[in-house]
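Please find my notes on this model below.

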Amino acid sequence: MKVIVIGSGLAGLSTALMLTEAGHRVDIISKGLGGLLLSTGSLDVYGWTPAGEPVMKPFERIATLDDPTHPYAAIGVEGVRRGIGWLTQRLALISAPQDQETNSLIPTAVGAVRPVFARHSTLLPLEDGQKLVVVAIKQFKDFPAQLIADNLSRSPLVDVSARAISIDLDLRSHEADSAATNIARFLDTDTGRAAILTALRGRIQPDEIVVLPAVLGLDPQTYHYLSQELGVRISEVPVTPPSVPGRRLNDALVQAAKASRIDISTNAQVIGFDHSDGVVSAVHIQRAGRVTVSHVDAVIHAGGGFESGSLTRDPDGTITERTFQLPVREAEDIFSSGIAVDNKMHPVDGDGNVVYRNIYLAGSILGGSHAPVEKSGEGIALGSAWVAAQSAMSEGENR
């Protein structure tokens, strides 16, 4: 089966790999880099109730949601489990909880505490009784170590003690404020690793966890090397983009896609398509000023929502889906607007009728959620990716 996947974010890359693992031919078409570069690199399933209470059992929570318009209503608990499980088993970068059920608590870049399900392997969960030393890097201004330490010490969600220190890495003599990726590249070098080890040695107690901004190398081995050399536990804290953990996750998925011979075309977009009787037979792809026609058996639309331009709002307030002119289910909160789907991830109209039988949707193009507020983005992305891939394969055999 030949499949075109639109989008190179978490949902697009994951769906493409799932299909390729089953022996199908997949091309990815994307206007640019996916949203993983802006993410924390961890996986949220469901973190907060509408009332602002932390959720510790996310699968129990989504099983009891009474909102039929939420993407989880179509994806189902099993779809979310399978999607999350697929990624945590495929990539060593992501650590799932031992019981496969419970959120962990991690610190934010201001010292607040929030739930997360599967963590980037460099993020240690907070637990009662821990002693933390929060480390500011002089050349990185987006990590207020004293504020973080103070807020963690008085958090109502976990009982930890924290203190703050500051180190000087002297990355570039002309830079007083550096980007996270610049520091990460520096720490990937022998010079950078030696510099941070020298700065930290003698300032850490053996029973303390070292808490640093998430800048410990684009190469995942840098974190493990520093932990081993210091002989203590180190935990990164997600900071403002560009995201180093998100970059690591993106790089791992892109490398896996290339190793699987998936063709990834960036600076490209689908600008038209051929269809008959509710089935798309070909898509028209614009690359570098030329248009080619690719015949397809199925299309996975994981091109994102407003953030990527897949959904746009006209001056009169009308929201449209740009690629296939799919019907948009508008919500009172504009950012909850998106495409409605059935339990196979087909796009459906206002009456629940399938629009195209071989188009499947995945990721943030789905409407009905408040993902940034409830912290459900990766659960929706991977759950819908899993269901879309399985549906495309099973229906493709019978079409």
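The numbered points start with the basis of the values and then go through the model part by part.

1. This is a predicted model, in which local features need pLDDT of at least 70 and side-chain atom pairs count only at pLDDT 80 or more, while totals for chains, interfaces and linings use all residues. Residues are numbered from 1 along each chain as its sequence is written, and side-chain values use heavy atoms, with hydrogens and water left out.

2. The largest nonpolar core has 75 residues, and Leu-253, Val-283 and Met-345 have the most contacts inside it. A nonpolar core here is a set of buried Ala, Val, Leu, Ile, Met, Phe, Trp, Tyr and Cys residues joined through side-chain atoms within 4.5 Å; buried means under 20% relative accessible area with a 1.4 Å probe, protein chains only. Helix 11 (residues 377-398) supplies the largest share of this core, 10 residues. Helices are DSSP runs of H or I with at least four residues, strands are runs of E with at least two, and both are numbered from the N terminus. A second, separate core of 48 residues includes Ala-109, Ile-148, Leu-152 and Val-237.

3. Beyond its neighbours within four places in sequence, Leu-253 is in contact (heavy atoms within 4.5 Å) with Leu-10, Leu-13, Leu-17, Leu-36, Leu-87 and Leu-91.

4. Helix 1 (residues 10-21) packs with helix 11 at an angle of about 35°, and the axes are 9 Å apart. Axes are lines fitted to C-alpha atoms, for helices over the stretch in contact, and angles run from 0 to 180 degrees between N-to-C directions. Residues of helix 1 including Leu-10, Ser-14 and Met-18 meet residues of helix 11, among them Glu-378, Trp-386 and Met-393.

5. Five strands form an open sheet in the order 11-2-1-15-18, with parallel pairing; two strands pair if DSSP finds at least two bridges between them. Strand 11 (263-265) and strand 18 (359-361) each have a single partner strand, so one side of each is left without a neighbour in the sheet. Strand 2 (residues 25-29) pairs with strand 11 over 3 bridges, and Asp-27 stands opposite Asp-263 in strand 11.

6. Helix 1 packs on this sheet, touching strand 1 (2-6), strand 2, strand 11 and strand 15 (298-301). Helix 11 lies across strand 15 and strand 18, at about 165° to strand 18.

7. Another open sheet, of 3 strands, has the order 12-13-14 and antiparallel pairing. Strand 12 is joined to strand 13 (residues 279-287) by 8 bridges, and Gly-272 stands opposite His-284 in strand 13.

Terms used
Buried means under 20% relative accessible area, exposed over 50%, partly exposed in between (1.4 Å probe, protein chains only).
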